[in-house]
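Q: I am new to this structure. Please take me through one part of it closely, step by step.

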Amino acid sequence: MTVSTNLPLEQIKCDLCESDNYIIIYPACYEKQRYTDIEEKFRSSGDEILIDQVVRCTQCGLTYVNPRLNASLILEGYASGNDTTFVSQAKARERTFERCLNIVERFWKKSDKGKILDVGAAGGSFLYVAKKRGWDVVGCEPNRWLCEWGQKQYGIPIHAGEIQSLNCEDATFDIITLWDVLEHTPSPRKVLEECHRILRPGGLLIVNYPDVGSWISKFMGRKWVFLLSVHLYYFTKTSITNLLKHCGFKIVAFKPHFQTLEVEYIFRRMQAYFPKMGHLGKKLVQKLRLQSVQVPYWIGQTLVIAWKR
Ligand SMILES: [Zn+2]
């Protein structure tokens, strides 16, 4: 399906306070559009630079893409297509998630391990790590190819669809995680409200997101590598706090979130904003045969841990 910049775009209201008053933070630059196919554009490893207009709500400060593609088209883009680029990093992701689970377990005060739901589970790497440590795990993921990959690779139950399509009873889960997910969703508020409903009282919510208020984001400006076409929202500590409070959560902690990827993959992703540096780095690690070396990196990713009140 072809995405034309003058066809399916729609104006949206602020997801948090429903105001339609905003100031423009970044003007659109549709001439830089790289993908005209929604399957190419919206996938977990989507690396098209931000071409849309980004605005900030003058009432509550939430920063988001507006106008944007219709939500059902975005979800259709995520649901179809395969993502071999994304699963090529499964081993490195498992390493990231070992560290993440250590943090989650530090905040989990009960002796029994409970039931975890991973929203936007992709190939299921986090759930695989959690299952090995004795957690009861379930995932949901809109991309059908990734669901099947995870089920085959890890033997993890991953429901194909959004969180709302799980149709869970109230208070089903002890922990809900959203790794690199919330900023991709057409309505983070609706996702968090559903998380709140199906989480047990006192249950933990774990969210990571690229923090547009971080010093590194401010330093890099328009070249911050998380300014991507797939990111529909750009949270700061303040805006995510407001959103979580609004949805009935109490924040326990913020932490910098380090991710691990293979060094060649990092340079490849860097090429979107820094073509020369990314290309040279990629060539260098290939020459030194260091492509598969796994390195932790931080460019403003933030982890927030919250309780259901
Ligand atoms: Zn607002």
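What follows is a close look at the metal site, and then at a few other places along the chain.

A: A caution comes first: this is a predicted model.

Start with the zinc ion. Its protein donors are C14, C17, C57 and C60, each through its SG atom. They lie 2.2 to 2.3 Å from the zinc ion. Along the chain, these donors follow the spacing C-x2-C-x39-C-x2-C. C17 sits in the loop between strand 1 (9-10) and strand 2 (22-26), while C57 belongs to strand 3 (residues 54-57), so this pair ties together parts that are 40 residues apart in sequence.

Now the geometry. The four donor atoms subtend angles of 100 to 118 degrees around the zinc ion, which makes the arrangement tetrahedral. The cut-off for that label is that all angles lie between 85 and 135 degrees. Ideal angles for four tetrahedral donors are 109.5 degrees.

How open is the site? C17 is partly exposed, at a relative accessible area of 25%. C57 has 3% relative accessibility and counts as buried.

Next, move along the chain to the backbone. The peptide bond from N66 to P67 is cis, and its omega is near 0 degrees. P67 is in the loop between strand 4 (63-65) and strand 5 (68-69).

Two other loops hold residues with a positive phi. One is N167, with a phi of about 50 degrees, although it is not a glycine. N167 is placed in the loop between strand 8 (158-160) and strand 9 (173-178). With 64% relative accessibility, N167 counts as exposed. The other is D180, also not a glycine, whose phi is near 55 degrees. D180 lies in the loop between strand 9 and helix 7 (188-198). Its relative accessibility is 29%, and D180 counts as partly exposed.

That loop leads on to helix 7. The axes of helix 7 and helix 9 (residues 237-246) come within 9 Å and cross at roughly 45 degrees. The two helices are therefore oblique to each other. The crossing of helix 7 past helix 9 is right-handed. Where do they meet? On the helix 7 side, the residues are P188, R189, L192 and E193. On the helix 9 side, they are L243, L244 and H246.

Terms used:
Residues are numbered from 1 along each chain as its sequence is written. This is a predicted model: local features need pLDDT of at least 70, side-chain atom pairs count only at pLDDT 80 or more; totals for chains, interfaces and linings use all residues. Side-chain values use heavy atoms; hydrogens and water are left out. Donors are N, O and S atoms within 2.8 Å of the metal (3.2 Å for Na, K and Ca); water is not among the atoms, so sites may look incomplete. Four donors count as tetrahedral if all angles lie between 85 and 135 degrees; four count as square planar and six as octahedral if opposite donors are over 155 degrees apart and all others between 65 and 115; anything else is irregular. Helices (H or I, at least four residues) and strands (E, at least two) are DSSP runs, numbered from the N terminus. Buried means under 20% relative accessible area, exposed over 50%, partly exposed in between (1.4 Å probe, protein chains only). Axes are lines fitted to C-alpha atoms, for helices over the stretch in contact, and angles run from 0 to 180 degrees between N-to-C directions. Angles under 35 degrees count as roughly parallel, over 145 as roughly antiparallel, 65 to 115 as roughly perpendicular and the rest as oblique. A crossing is left-handed if the near helix is turned anticlockwise from the far one by less than a right angle, and right-handed if clockwise. Contact means heavy atoms within 4.5 Å.
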